[in-house]
Amino acid sequence: QIKGVFVMSAGQLCKRNVITTHRDCTIREAAQLMRKHHVGCLVITEEKSGKTEPVGIVTDRDIVMEVLAENLEINDVNVGDIMSYALLKVQESDSIVETAQRMRARGVRRVPVVSGTRELIGIIALDDILELLSEELSMLARLTSREAEQEHKKRA
């Protein structure tokens, strides 16, 4: 039975252990966090009405393109200076198909997942969706080969 990509929600697929930081985090601290946790991005959060809300995202590529390639002094730049402010967020109830379409439309590889109250609950990366799709396609391939086996047994 195929269920993953067609009925799974963003909240079901997302990784819940999101590495976060604040706008005032230095680039050096951000790079060290990414290295320590083996991640390619940090979600920038703020406390609003007692909830942790994502307000931006910074990627390892942002650090390279906006700081290193521009020869900026990494200790003089904060994450808030280079983070993406036009942050795409998806609701935990959004479908994986809808999430992938929105990611493609915005050209992003990672997207924070939020609750109905805009609180950060997880993150989905393009790799997570590709892994799910590959599992679904592999299952379909096994199904077609099994169908041929069953037909062969029936005729034997």
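I started with Arg102, which forms a salt bridge with Asp94, the closest N and O atoms being 3.4 Å apart. For the term, I take a side-chain nitrogen of Lys or Arg within 4 Å of a carboxyl oxygen of Asp or Glu.

A note on the model: it is predicted, so I kept local features to pLDDT of at least 70 and side-chain atom pairs to pLDDT 80 or more, while totals for chains, interfaces and linings use all residues. Residues are numbered from 1 along each chain as its sequence is written, and side-chain values use heavy atoms, with hydrogens and water left out.

Next I looked up accessibility (buried is under 20% relative accessible area, exposed over 50%, partly exposed in between; 1.4 Å probe, protein chains only). Arg102 is partly exposed because its relative accessible area is 31%, whereas Asp94 is buried at 12%.

I found four salt bridges in the structure. One of them joins the side chains of Lys15 and Asp128 at 2.9 Å, N to O. That pair links distant parts of the chain, 113 residues apart: Lys15 sits in the loop between H2 and strand E1 (20-21), and Asp128 in helix H7 (residues 126-155). Helices (H or I, at least four residues) and strands (E, at least two) are DSSP runs, numbered from the N terminus. Lys15 is partly exposed at 41%; Asp128 is buried at 11%.

Last, I checked Ser9, in the loop between helix H1 (4-7) and helix H2 (10-13). Ser9 counts as buried because its relative accessibility is 15%. Leaving aside neighbours within four places in sequence, I see Ser9 in contact (heavy atoms within 4.5 Å) with Glu92, Ser93, Asp94, Ser95 and Ile96.
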